[in-house]
Amino acid sequence: MQSSLTNALYSILRLHNVLESGIDEQVRPSLSSWEDAYKTTPPWDVGRPQPAFVELVQAGELNTGSVLDIGCGTGENALYLAGNGFSATGVDLTSLAIAAARAKAAERKLKVDFRTGNALSLGFKDGIFNNVIDSGLFHTFPDNDRLIYAREMARVLAPRGKYFMLCFSEKEPTNWGGPRRVTKEEIESTFSPLFTINYIRDALFATRFHSNGGKAYLTSATRISA
Ligand code: SAH
C-alpha cells in the first residue's frame, strides 16, 4: 500500500520533472512554471541554507562586503549570509518566492534587499557586488542563456569579485528527472573568458527528497579585472 507520503513525494517529483528536465534543454522554463512551483514547497526549497555555502562562509572563502544571491528563491542562503556579516541582496524572477523571502527576513529581523528581477538583465550598476552566489540557478538555463548570464553576472561583480555556484553534476543519476546535469567542461567554457576558475569540486546539493544530497559541483571563480 502506498502511503500518502509516498504519493506526495511522487507528485513533487513529477512537478520537478515538468519544471525542469521535462522541458527541452534548449527551452527556458517559463515564469508561470516557476510561479506554479512556489504554490507548494518545491523540492529545492529545503528551509535552511545549502551546507556547501555554509562551509564556504565558515572557511572564509567569500570576499568581505556585499553579496548578491541570484535566483535566491525563498532566501535561505541570502538570510544566512546577512546573519553572518554580509550586506545581502537576493534577486529572483518569481514574485511568490520573493514574498516568502521578505516574510522570513521580517520574522528573523534580518536585513536583506529581496527583489524580483531577471538574472539575464539585472537592474544593478556595474561592479557593485563583492560576491555573487548561485544555488541551483545556472543548471536551469538552456545553452543559449549561459553566456548571457555569465556576462550579466560578471558585469555586476567588482573586479576580483567572487562567484560561487552550486549545480547538479553529470554524476547525479537522471532517472528521477530534475534540472540539467552540468559537466566541468561546460562550467569552464561558460565562465573562463571572464573569470579565473579557482576550483570546480564535488559537493552535495540538499533537496527535499535526497537523504544526503544530490551529486553536484561547487564552483569558485574570481572576476578577472577589466
Ligand atoms: N537558490 C534557491 C532557488 C533555486 S531554484 C534555493 O537554493 O532554494 C532556481 C530559482 O531561480 C527559482 O527560484 C527561480 O524562480 C529562479 N529563476 C529562474 N530563472 C531566473 C532568472 N532568469 N532570473 C532570476 N531568477 C530566476
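With 7 C-beta neighbours inside 10 Å, Lys 109 counts as exposed, a class that requires 12 or fewer other C-beta atoms within 10 Å of a residue's own, whereas 20 or more make a residue buried and values in between make it partly exposed, the C-beta atoms being placed from the backbone. The model is a predicted one, in which local features need pLDDT of at least 70 and side-chain atom pairs count only at pLDDT 80 or more, while totals for chains, interfaces and linings use all residues. Residues are numbered from 1 along each chain as its sequence is written.

Lys 109 lies in the loop between helix H5 (95-108) and strand E3 (112-116), where helices (H or I, at least four residues) and strands (E, at least two) are DSSP runs numbered from the N terminus. Most residues other than glycine have a negative phi. The phi of Lys 109, however, is positive, near 55 degrees, and that of Arg 160 is likewise positive, near 70 degrees. Arg 160 is placed in strand E5 (residues 157-168) and is exposed, with 12 other C-beta atoms within 10 Å.

In helix H6 (residues 143-156), the buried residues are Tyr 149, Ala 150, Met 153, Ala 154 and Val 156. These residues lie on the same side of H6, because they cover an arc of only 155 degrees around the axis, the arc being that of the directions from the helix axis to the C-beta atoms. Asn 144 and Arg 151, on the other side of H6, are exposed. The cover over the buried residues of H6 includes strands E1 (66-70), E4 (129-135), E5, E6 (195-205) and E7 (214-223), together with helix H7 (184-191).

Definitions and conventions. Two residues are in contact if their C-beta atoms, placed from the backbone, lie within 7 Å.
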